[in-house]
Amino acid sequence: MNIKYDPCVIENKWQKAWDDSGIFQPEIDLREKFFITVPYPYLNGNLHVGHTRTFTIGDVIARYKRMQGYNVLYPMGFHVTGTPIVGLAELIAKKDKQTMEVYHRFHSIPLNVLSGLDEPLKIVKYFSREAEADMRSIGYSIDWRRRFTTTDPPYKQFITWQFNLLRELGCVVKGSHPVRWCPNDDNPVEDHDILKGEDTTIIDYTLVKFKLEGCSIILPCATLRPETVFGVTNLWVNPEVIHVQIEVTYPDKTCEEWIVSRDAYEKLGFTDKRVSVIKEVSGVELIGKHVTNPINNTSVLILPASFVNPGNGSGIVMSVPAHAPYDYLALRDLYDSNLSQYGINEDLKSKIKFISLIKVPGFGKYPAVEAVEQLGVKNQQDLRAEEATKIVYRREFHNGELTDTTGKYAGTKVSKIKDILTYDLINSRIADIFYEFSSQPVICRCGTRCVVNIVKNQWFLNYSSPEWKEKVYRCLKMMDILPPELHVEFENKVDWLKDKACARRKGLGTNLPWDKQWLIESLGDSTIYMSYYIIAKFIADGITPEQLTEAFFNYVLLGKGSASTVSENTGITKETLESIRNDINYWYPVDMRSSGKDLIPNHLLFFLFHHTAIFQKDMWPRAIAINGFVSLEHKKMSKSKGPLLTMKKAVKEYGADITRFYILAASEHTQDADWRENDIETTKKQLVRFYRTAREIIALPTSTGDLNSIDRWLLSRLQHKVAETNDALQKLQTRRALQNSFYLILNDLKWYERRGGKKALPQLLHTWTRLLAPFTPHICEEIWSHLGEGFISQAPYPAPDSTLVDVDSEQAEEYLQKALEDVEEILRVTRITPQKIIIYTTPQWKKTIHKIAMELKLTETLEMKNVMSEAMKDYEVKKHGKEAPKYVQKIITELKNTTKETAKSKRAKPIIEKEILSDARGFLECELNCKIEIQSADKPNYDPQQKSRHAEPMRPAIYIMESVED
RNA sequence: GCGGAGAUAGCCAAGCGGUCAACGGCGAAGGCCUCAAGAGCCUUUCUCACAGGAGUUCAAGGGUUCAAAUCCCUUUCUCCGCACCA
């Protein structure tokens with residue numbers, strides 16, 4: 001072995017050896033299979049340390065399972081479908097400053113190469129080559145024969161088949177949905193295209209149609225609480241605002257006349273209705289008129305209110321003073337004002353009767369009134385009005401129930417009513433949906449103010465279907481989710497998932513087979529592609545896209561039809577077809593999908609939905625594992641803005657094994673890992689050290705003779721670490737696995753060497769190297785090449801060997817460590833320079849009592865009198881009859897505070913203290929730099945300070961003689 | 001707002017009813033080794049203590065228990081997702 005640890009040399013060597021031997025290119029055999037996948041990367045940049053974490057976890061499990069004897073398949077592909085790559089090409093083509101800067105600096109792309117990446121296909125080609133090189137350079141055990149890109153023509157055939165099938169199965173429906181829209185670009189606005197208002201969401205208001213009395217003109221009111229229509233006492237119109245009377249044409253050609261604000265008119269232009277202005281109407285004109293509440297045909301008055309914002313909703317607001325503090329306040333403010341200018345002369349106080357429609361604990365009939373009074377809100381401008389509103393809305397929503405005022409809806413929970421009522425109102429044509437941003441304005445990068453647009457005739461995957469969801473729940477029930485606490489999260493997300501638009505206009509991808517003007521949305525085409533890895537291997541052997549017919553996929557993936565018929569139709573030989581089908585049967589389903597936590601509410605969900613829709617139960621995924629993100633020195637990474645650390649750069653700087661080790665040990669499961677320069681430097685030192693230790697052990701001459709206690713101790717301790725590591729890996733706890741397989745073993749090794757151990761080193765290394773192989777495969781191969789046969793990647797993974805567990809030696813060492821610690825502590829506290837130290841072993845009578853107490857603890861009869869009566873039968877104890885009760889009392893208190901299990905484990909064979917101390921005398925003298933004498937507390941030769949009294953089982957007494965000159 | 005995760009010593013982070021003053025790592029201090037540096041090794045790192053001890057801790061407050069960092073309740077704070085974007 002080379003003296004110096006040179007990661008680069010070792011890693012290149014073994015990567016080549018793996019590649020040449022094809023050991024990561026599995027074929028069907030008699031072994032049990034294990035199919036593990038991670039989400040393929042999206043290629044709008046180089047792979048970074050975030051990918052590194054997810055992919056390395058996948059690789060560790062793949063390697064672990066392989067060493068456990070499974071036939072493991074770990075494949076990889078590339079995702080390029082969608083808009084970001086197209087967008088990136090455009091940005092590069094026009095030499096966008098930030099893009100060039102980020103991709104040059106953070107993605108480490110030479111400027112001359114970068115400027116050439118001005119077309120999507122060039123980007124795909126460049127990054128897929130880089131990504132494969134990166135993943136090879138970090139030593140992933142990937143079967144590269146199965147690699148593909150989502151725009152490959154054969155893959156498109158696969159997607160085409162999938163979507164045709166989904167449509168046949170009734171999973172695809174047509175509909176429309178609201179999106180953020182830039183009228184200038186005439187396009188939906190994505191998050192990164194937004195200049196202002198990124199956090200804005202689209203809210204769906206219910207638009208209730210009040211009819212102006214005496215004509216058919218409609219005054220629509222937008223509300224988030226449609227149930228309150230039962231409590232409307234009046235409408236609010238802003239007298240300052242000029243409204244418009246418009247003609248509204250529905251898709252079914254029916255026409256209505258509405259009066260709304262000008263803003264609302266413009267927004268309506270982007271809905272599924274056609275609108276045109278008839279004339280302007282001032283707010284003042286409307287005030288004082290009456291409208292009919294469509295829900296109960298009551299007549300309500302229109303009143304003036306300056307708070308009505310024409311930019312929000314329809315510009316006309318319904319007033320529910322019983323349940324809306326603002327409405328109550330506005331009304332109260334009007335009580336004393338003169339409204340005769342609007343032709344209103346009646347006394348509002350007596351005319352307008354509040355209508356209660358929600359019953360909620362903690363409030364009486366009119367929650368709004370009560371809240372306003374409790375908080376002492378003065379008027380509409382008072383800031384506490386907002387607080388009152390929040391309190392009322394929240395309580396009503398969560399605990400409220402509708403009263404008899406609402407007729408057939410009485411008794412319904414407020415939290416459930418919105419969907420039901422809106423549906424009913426729309427059906428009877430007295431309401432409509434009106435979309436609005438949650439906050440204004442939303443500005444596109446081009447500077448234009450965005451609107452909500454309804455994209456019409458869009459294709460949807462109907463994830464909201466209860467039957468489909470039911471299948472997914474069933475699938476989840478059978479699955480392992482790691483960490484298990486996320487199981488609930490998955491179920492919640494399934495519940496929450498609604499229909500999802502699955503077609504888009506822009507980007508790379510596969511056309512919707514039955515409506516070619518649409519492209520299949522990029523998450524929809526990444527749901528069952530794990531099965532395609534199995535087919536991909538055969539496609540590489542020369543099958544053309546034209547041969548990949550629907551019948552082909554139906555046969556190989558679903559087992560429908562027969563090989564001979566498909567062979568006739570496609571020209572693919574029957575044997576090939578059968579062997580593809582066999583491969584599918586063998587490898588599928590996916591045994592584990594390991595992924596970052598960001599993919600839970602989208603990709604992983606769709607992964608489950610599509611599998612349950614397309615495949616039979618036995619092909620449904622078996623497990624999902626989730627991991628967290630990686631940050632850089634506490635800062636969030638960003639592909640497009642930086643900071644970013646690429647996999648390439650990390651491997652180049654530190655080497656594959658160090659990078660792998662570091663990222664795996666940095667954190668567990670869903671917790672985020674923070675990449676720190678300083679920490680990875682120490683990881684480097686650790687591996688250098690491991691290498692050196694291994695080299696030294698290998699160079700050791702073969703030792704003979706029996707193992708000593710300390711050797712047995714080392715090997716015994718090793719078994720616990722092996723067991724822990726295996727357990728951690730089963731649960732995908734890479735951090736815990738490394739803590740045990742590396743740091744804790746290293747610490748044992750330090751103690752072992754300090755104690756002068758040597759004989760067990762080769763055996764330790766033999767196990768240790770294999771234990772670490774999944775994490776740091778290259779360095780382990782290198783060491784293994786001096787230890788064992790073949791590749792360590794194929795060597796058996798260590799399992800705990802119970803025959804090597806040696807409780808006695810572990811207890812002996814614990815005893816010794818404790819004794820040493822005690823001496824050191826005394827020395828520290830007293831600051832004595834010792835001349836000689838006498839250690840007194842436990843007297844026989846205490847051992848006897850200890851033993852009796854332990855036994856009684858196990859039978860739950862640990863009482864003073866029981867111990868005493870039993871102990872006093874012993875002659876030695878009797879001799880110490882005076883001291884005995886005190887010791888018994890002490891031991892009882894101690895044991896009361898421990899569990900039975902602990903007591904049991906401590907009860908193991910009583911150790912021979914004298915022997916342990918005598919064996920370790922040389923060691924102790926050396927450590928403490930003075931003479932050590934061992935005496936028994938039964939009859940000490942020399943005990944000037946009566947220290948021997950302190951001796952107890954597992955804890956000797958100590959007397960330190962001070963050096964005279966100090 | 002909804003849903004999820006979390007708050008542990010200077011920092012990262014384990015523990016999730018008794019073996020806990022609390023694994024492990026980093027950082028810091030002292031010592032050994034060395035011509036020296038680095039590496040390595042040992043010790044210390046909540047407070048107090050010249051005999052192996054004692055005291056106060058695990059976001060805050062309350063509770064259950066013989067026993068709580070660990071279980072229950074309340075409060076405060078942090079992070080993540082909430083979609084048509086991969």
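Visitor: Which residue in strand 29 is the bridge partner of Thr841?
Guide: The bridge partner of Thr841 in strand 29 is Ser936. This is a predicted model, in which local features need pLDDT of at least 70, side-chain atom pairs count only at pLDDT 80 or more, and totals for chains, interfaces and linings use all residues; side-chain values use heavy atoms, with hydrogens and water left out. Residues are numbered from 1 along each chain as its sequence is written, while chains are lettered from A and ligands numbered from 1 in the order in which they are written.

Visitor: How do you know that strand 28 and strand 29 pair?
Guide: Strands (E, at least two residues) and helices (H or I, at least four) are DSSP runs, numbered from the N terminus. Two strands pair if DSSP finds at least two bridges between them. Strand 28 (residues 834-841) and strand 29 are joined over 6 bridges, in the parallel sense, so they meet the requirement for pairing.

Visitor: What is the order of the strands in the open sheet of 3 strands, and what makes two of them edge strands?
Guide: The order is 29-28-30, and the pairing is mixed. Strand 29 (931-936) and strand 30 each pair on one side only, which places them at the edges. On average, neighbouring strands of this sheet are turned by 20° against each other, direction ignored.

Visitor: Which helices lie across strand 28?
Guide: Helix 29 lies across strand 28 and strand 30, at about 40° to strand 30. Helix 36 (residues 921-928) lies across strand 28 and strand 29, and runs at about 135° to strand 29. Such angles run from 0 to 180 degrees between N-to-C directions, with axes fitted to C-alpha atoms, for helices over the stretch in contact.

Visitor: Which parts of RNA strand B supply its atoms within 4 Å of the protein?
Guide: Sugar or phosphate accounts for 68% of these atoms, and bases for the rest.

Visitor: What makes the approach of Glu521 to a phosphate oxygen of RNA strand B a polar contact?
Guide: A polar contact is a pair of N or O atoms within 3.5 Å; within protein, one must also be able to donate a hydrogen and the other to accept it, and residues adjacent in sequence count only if both atoms are side-chain atoms.

Visitor: Why is Leu421 called buried?
Guide: Buried means under 20% relative accessible area, exposed over 50%, and partly exposed in between (1.4 Å probe, protein chains only). Leu421, in helix 14 (residues 414-427), has 1% relative accessibility and therefore counts as buried. Leaving aside neighbours within four places in sequence, Leu421 is in contact (heavy atoms within 4.5 Å) with Pro226, Glu227, Phe230 and Tyr409.

Visitor: Is Thr403 buried or exposed, and how do you know?
Guide: Thr403 counts as buried, because its relative accessibility is 17%. Thr403 stands in the loop between strand 16 (401-402) and helix 14, and its side chain makes a polar contact of 3.0 Å with that of Thr405.

Visitor: Why is helix 23 described as largely enclosed?
Guide: Of the 11 residues of helix 23 (residues 656-666), 10 are buried, so the rest of the structure largely encloses it. The buried residues include Asp657, Arg660 and Phe661.

How values were computed: A residue is near a molecule or strand if one of its heavy atoms lies within 4 Å of it.
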